Amino acid sequence: MKKSLKARLAILSDAAKYDASCASSGTTRRDSSGSGGQESGGLGSTEGSGICHAYAPDGRCISLLKILMTNFCIYDCAYCINRSSSNVERARFSPEEVIWLTLEFYRRNYIEGLFLSSGIIRNSDYTMEQMVRIARDLRVTHNFRGYIHLKTIPDASAKLIEEAGLFADRLSINIELPTDAGVEKFAPQKHPRNIRRSMGELKTKIDEAGEPTLRTRRRKTFAPAGQSTQMIIGADEASDATILGTSAGLYDAYRLRRVYYSAFSPIPDASKALPLIKPPLVREHRLYQADWLYRFYGFGIEEITAGRPDGMLDLTIDPKLAWALENRGRFPVDINTADKEMLLRVPGFGTKTVKAILSARQFKRLAMGDLMRLKVSVKKVQAFVTASGWSPLKLIDRSDLRSLFVPEPQQLVLL
Amino acid sequence: MRIVLRARGDFEEWRTAARALLSQGTVPRDIEWVSEDAAGSDLFSAPASPPIGGAAPVSVPKAFLPLAESLICHSDPSRFDLAYRLLWRLQTEHALLHIRSDPDVARAHAFDRSVHRDSHKMHAFVRFKEVPASGQRRAFVSWFEPDHFIVARNAGFFRRRFADMDWLIATPKGAISWDGTDVRFCDAPADKPDIQDDADDLWRTYFANIFNPARLKVKMMQTEMPKKYWKNLPEADLIPDLIAGAEHRGRDMAARQASDTVPKFHERLHGRKP
Ligand code: SF4
């Protein structure tokens, strides 16, 4: 007997939850009101930053309807719940059902749009074709202007990818594991070389679309929110230095918008090839922080991992603080004179704080009270800055400085 | 001087009063700003209506306008005083808004952040429920409880997004609606409608299954989706059970070793291309 829509929704969202990405940001502005030369009467809008419509108890943002078209798969990737050798319950949506769910969820303001991925059925092109059809029907037939993210199927033909980019805001190809050896070992049917080639082709198309053509002076729209990828953390032996190095390489070579890190999580009917571990959530968090330092704070990857002989990030303190403690000679930083690059390196200063400091100090000399009103944690920064009326010289020389920041060990009591 | 305002998020109301006061040279500490609600209970002081007309427009830095518009929507009774004090100081301290660490500016930005956050949560947590439609277009109704007087300023967002359907968002701080032609706003408190929508059941199914019990982070969820919103979210009453069952489910997943059998279709595939 065919399973009900509800039963299949349960299976196919359960199967999608191991993908960390949920972003619905960074695309072009669109709406359905008929302003700005767009035809009116459709459904949906995108306004720059995405919206999280709910949060699950795992703390993750729910922004998109994240589902698989089907969890049948002819591949056998060891880390994946949908691999062909898994005994998980299988189900499949028709394209019409995916479209209906997306539109009805959207109308009730549950979601920003659709993140569609799929196991591979028959072959790559057959699967990709169905996914493209869903995106096309949403856009063309139903005038849907919300967000669409399609996970491209490995080895799908260039023509299908090209078509996907016309309808989707974002396309992604998962790199899966941080090293080629890892991919070959755990995803035997996937080839790191092909994954990188696909990323390269996507980059070329996205870049081309960014160039206004001579004749029309208008830009073509091709995946305006760019491409992203995901790496599973903790399934293989790769160190944080290796992982971050791979990310930096991907950001530079293919201009990815995001690399998502997904702590390897136990899955039902897990393959024996993999460790049965608790997902390394703290490690995942530190990797995101390091990734952030690389992209927005001017840090090089080598700097972030330099102080760590085993290439693993410090789990007890964040990587920016760890770097500062390793490089005490560069502190304290005078908030009234230091340049932007150095201000960004102060633990406790975010990019917005630095901007506010740079603006305010043109008009007055800043004291610690000013930082407090900028919502900076004075406790966190006082060892690293000088300000009008404040100099921390003694603090920065303290040999126990690190211990001031390390969270207190949990107290044990006798029952 | 006592200035009584309706005080339900109408920027024009404050602007008219502030312009007039400024042109008369009234210093901030001489003004007592009162809302109609608060004034109504105070029978003996006859409400002085704001001085009207004759006031020349005042010039302010461009950044002041959006900041003041946002401030006026805040529900804190001191918002009008704060906005006027900024306006007053800006007449001589032209760079004031660049000094984010100034106590008045910092406070204004704190109010502004709170109003923005409230709007953002409105965009996120409004849940439409379908109601019978009278014409061709489908019709939806929502109930939301904002902290501040933000309903009118967010009409545009919902109009841009839900153009092809009729909708009404009712709140204790006013209601907005859209019928394909006009947006209507009323600042009077609305009543909570009682409506069921079957789609909520599918959404709850999705919410329960997209959650990974091996990664429980309850505090993170609650900072972003504070409990005060839960009563109007169809999915929220699932949360306690999801949390309670998580550890058990997580351990269960981890403990369940891979079975020794594989599905038939895997064997077939495997047989086909070894
Ligand atoms: S191809 Fe994708 S869905 Fe199929 S087993 Fe590999 S990771 Fe899972």
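Tutor: The model itself scores ipTM 0.91 and pTM 0.90. Where pLDDT is low, predicted coordinates should not be read in detail. Residues are numbered from 1 along each chain as its sequence is written, while chains are lettered from A and ligands numbered from 1 in the order in which they are written. Local features need pLDDT of at least 70, side-chain atom pairs count only at pLDDT 80 or more, and totals for chains, interfaces and linings use all residues, with side-chain values based on heavy atoms and with hydrogens and water left out.

The ligand sits in the largest cavity, that is, more than half of its atoms lie within 2 Å of the grid points of a set, on a 1 Å grid over the protein atoms alone, where a 1.4 Å probe fits but cannot get out. Around the ligand are A:C73, A:Y75, A:C77, A:C80, A:R83, A:G119, A:I120 and A:K190, each with a heavy atom within 4 Å. This shell comprises 5 nonpolar, 1 polar and 2 charged residues; Cys, Tyr and Ile count as nonpolar, Arg and Lys as charged, and Gly as polar.

Chain A is divided into domain 1 (5-227) and domain 2 (329-404), with bounds from an automatic or database domain assignment. The centres of these two domains of chain A, taken over C-alpha atoms, are 43 Å apart.

Note on methods: On a 1 Å grid over the protein atoms alone, a cavity is a set of points where a 1.4 Å probe fits but cannot get out, and a pocket is an open set with protein on both sides within 12 Å along at least five of seven lines; lining residues have an atom within 4 Å of a point.
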